[in-house]
Amino acid sequence: MVRALSLLLTMLLAGCVGEQHVLQATGIEAQVIARMWWIMLAGAIVVLALVVAVLGYGLFRPPERRVHVAAGPLIFGGGVVLPVVALTALLSYTLYASSGLRGAHPDLPVEIEVIGRRWWWDVHYVGEDPARHFRTANELYLPTGSPTRIRVRSVDVIHSFWVPNLAGKIDLLPGRSNEIVLHPTTTGVSRGQCAEYCGAQHANMALHVVALEPEAYRAWLERQRQPAAEPAEPFTRLGREVFMRAACAYCHAVRGSHAGGLSGPDLTHVGSRRWIAAGMLPTTRGSLAGWIAHAQQIKPGNLMPSFAAFSGEELRALAAYMESLQ
Ligand SMILES: [Cu+2]
């Protein structure tokens, strides 16, 4: 019994982690949603309290007084008038509050395109000048204090983009674009998660949103636009050789090299990302080597094969090269 209770408590408390939490809003849209949630909760509590009070009266008062709760006016008032008034009030409030959520920024250019893939997020920084476009994966950097317009679509099945601390959900559909505006108010990292079942690895399709001060955000953009750094040491040069010799470039791009594959994440700056494999592993040399050799064991069914045939040295060099792509 104690164990069951502590398990339940642990599970409930685990839900309080702030990085992915609807009620710990760090974005304008999420603030509207959180306020709506609290007002709906307050409304529900008032109605419940009234119902319980009338029920308690009916159950526990002496019989001659109990008849009051069976009186016509009370039944009509509590059964018809009260629900109509309460629901109309809450409905008008939610319609009013949610009307401001979407589509409030018609003039804003689309800054980012997020493409849902099984089972990771392909993130394109678009903007006006095509020469300055770049791709990254499973990671979205945004400036605080201003809205960023994001277009989303899918190239395979339906996914759903959901970063609860910042905004509501938006579906990623094949053959159709949707849009969402994210407007972070404070710096920090929020976790997002695919919110529409999309196959075996749906649960391992996370992304992280990093909100930075505008100045730091611009600096990040500039760094990401650079092509990959030239390997500085013989060991990372060996890693690049292994990369180009193996099938990696068939699916992965490293800008500034011959690797131009598009079906997997862009690896130009993979070493600078916090996580790989859509939030499954922190980016370290060890996890990179583990992923390359055992992608199918770590994330069964994902669209990268395991590469088990490398020698120990080749694998270490390859992981060092990946890590050096800052
Ligand atoms: Cu999914």
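These exercises walk through a predicted protein model, each with a worked solution.

Residues are numbered from 1 along each chain as its sequence is written. Because the model is predicted, local features need pLDDT of at least 70 and side-chain atom pairs count only at pLDDT 80 or more, while totals for chains, interfaces and linings use all residues.

## Exercise 1: The whole chain

Task: Describe the secondary structure and the overall extent of the protein.

Solution: 
- Begin with the elements: the protein has nine helices and twelve strands. Helices (H or I, at least four residues) and strands (E, at least two) are DSSP runs, numbered from the N terminus.
- Next, take the radius of gyration, which is 26 Å, well over the 20 Å that the globule rule gives for 326 residues, so the protein is more spread out than a compact globule. The radius is taken over C-alpha atoms, and the rule is 2.2 Å times the number of residues to the power 0.38.
- Then look at the principal axes: the C-alpha trace spans about 95 × 55 × 35 Å along them.
- Now turn to burial: 29% of the 326 residues are buried. A residue is buried if 20 or more other C-beta atoms lie within 10 Å of its own, exposed if 12 or fewer, and partly exposed in between, with C-beta atoms placed from the backbone.
- Finish with contacts: of those with a separation of 6 or more, 62% join residues 24 or more positions apart. Two residues are in contact if their C-beta atoms, placed from the backbone, lie within 7 Å.

## Exercise 2: Helix 2 and helix 4

Task: Find how helix 2 and helix 4 are oriented, and which residues meet.

Solution: 
- Two packed helices are described by the angle between their axes and the distance between the axes. Axes are lines fitted to C-alpha atoms, for helices over the stretch in contact, and angles run from 0 to 180 degrees between N-to-C directions.
- Helix 2 covers residues 28-60 and helix 4 covers residues 72-99. Their axes come within 10 Å and cross at roughly 175°.
- Helix 2 and helix 4 are therefore roughly antiparallel. Angles under 35 degrees count as roughly parallel, over 145 as roughly antiparallel, 65 to 115 as roughly perpendicular and the rest as oblique.
- On helix 2, the residues in contact are V32, M36, I39, M40, G43, V47 and V54. On helix 4, they are G78, A86, L90, Y93, T94 and A97.
- By class, these residues are ten nonpolar, three polar and no charged. Ala, Val, Leu, Ile, Met, Phe, Trp, Tyr, Cys and Pro count as nonpolar, Asp, Glu, Lys and Arg as charged, and the others, Gly among them, as polar.

## Exercise 3: Two partners of helix 9

Task: Work out how helix 9 packs with helix 6 and with helix 8.

Solution: 
- Take helix 6 (residues 234-245): its axis comes within 7 Å of the axis of helix 9, and the two cross at roughly 100°.
- Helix 6 and helix 9 are therefore roughly perpendicular.
- Their contact includes F235 and L238 of helix 6, and L318 and Y321 of helix 9. Its residues divide into eight nonpolar, three polar and two charged.
- Now take helix 8 (residues 285-298) with helix 9 (residues 312-324): the angle is about 120°, and the axes are 8 Å apart.
- That angle makes helix 8 oblique to helix 9.
- Among the residues in this contact are L288 and I292 of helix 8, and L315 and M322 of helix 9. The contact divides into nine nonpolar, no polar and three charged residues.

## Exercise 4: Backbone exceptions

Task: Locate a cis peptide bond and two residues with positive phi.

Solution: 
- Most residues other than glycine have a negative phi, and most peptide bonds are trans.
- The bond from R118 to W119 is cis, with omega near -5°. W119 sits in the loop between strand 1 (110-117) and strand 2 (120-125).
- A277 has phi near 60°, and A278 also has phi near 60°.
- A277 is in the loop between strand 11 (275-276) and strand 12 (281-282). A278 lies in the loop between strand 11 and strand 12.
- A277 is buried, with 23 other C-beta atoms within 10 Å. A278 is buried, with 24.
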